[in-house]
Amino acid sequence: MKLLVRNLSRSTTEQDIRVLFSEFGSVKACNLVLDQETGYSKGFAFVEMPEQEEAKTALDKLHMTKLGKNTIRVKIANS
């Protein structure tokens with residue numbers, strides 16, 4: 001299942017996101033979206049978790065929680 005993670009701090013790294021989501025199961029892919037011109041984060045990422053139940057648990061547990069100073073939003077990505 002592919003999840004969209006929004007409202008990330010510009011300083012959040014792909015590794016930070018992978019570690020956070022791996023607490024709930026295996027993470028197949030994690031793609032932090034970067035601005036092509038500046039190389040800085042655009043504040044959102046996609047996380048792909050192969051096990052649907054693990055992804056749903058991560059979504060339920062992480063939606064509207066704090067990562068650093070930001071409250072993140074997690075939802076199912078429209079692929």
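The questions and answers below concern a predicted model.

User: How are residues numbered, and which residues and atoms do the values use?
Analyst: Residues are numbered from 1 along each chain as its sequence is written, and side-chain values use heavy atoms, with hydrogens and water left out. Because the model is predicted, local features need pLDDT of at least 70 and side-chain atom pairs count only at pLDDT 80 or more, while totals for chains, interfaces and linings use all residues.

User: Which residues form the aromatic pair, and what is its geometry?
Analyst: The structure holds 1 aromatic pair. Rings of Phe, Tyr and Trp (its six-membered ring) pair if their centres lie within 6.5 Å, with planes under 30 degrees apart counted as stacked, over 60 as edge-to-face and the rest as tilted. The centres of F44 and F46 are 6.1 Å apart and their planes stand at 85°, so the pair is edge-to-face.

User: Are F44 and F46 buried, partly exposed or exposed?
Analyst: Buried means under 20% relative accessible area, exposed over 50%, and partly exposed in between (1.4 Å probe, protein chains only). F44 has 27% relative accessibility and F46 has 26%. Both values fall between the cut-offs, so F44 and F46 count as partly exposed.

User: Which residue lies over the face of F46?
Analyst: A charge sits over a ring if NZ of Lys or CZ of Arg is within 6 Å of the ring centre and within 35 degrees of the ring normal. At 5.1 Å from the ring centre of F46, the residue over its face is K2.

User: Where is N7, and what is its phi?
Analyst: Helices (H or I, at least four residues) and strands (E, at least two) are DSSP runs, numbered from the N terminus. N7 is in the loop between strand 1 (2–6) and helix 1 (14–22), and at 34% relative accessibility it is partly exposed. Phi of N7 is positive in a residue other than glycine, near 65°.

User: Which residues of helix 1 are buried, and within what arc do they fall?
Analyst: The buried residues of helix 1 are I17, L20 and F21. An α-helix has 3.6 residues a turn, so residues three or four places apart point the same way. Taking the directions from the helix axis to the C-beta atoms, the buried residues of helix 1 line one face, because they fall within an arc of 90°.

User: How many bridges link strand 1 to strand 3, and how many link strand 1 to strand 6?
Analyst: Two strands pair if DSSP finds at least two bridges between them. R6 stands opposite F44 in strand 3, and V5 stands opposite V74 in strand 6. Both pairings are antiparallel: strand 1 with strand 3 over 5 bridges, and strand 1 with strand 6 over 4 bridges.
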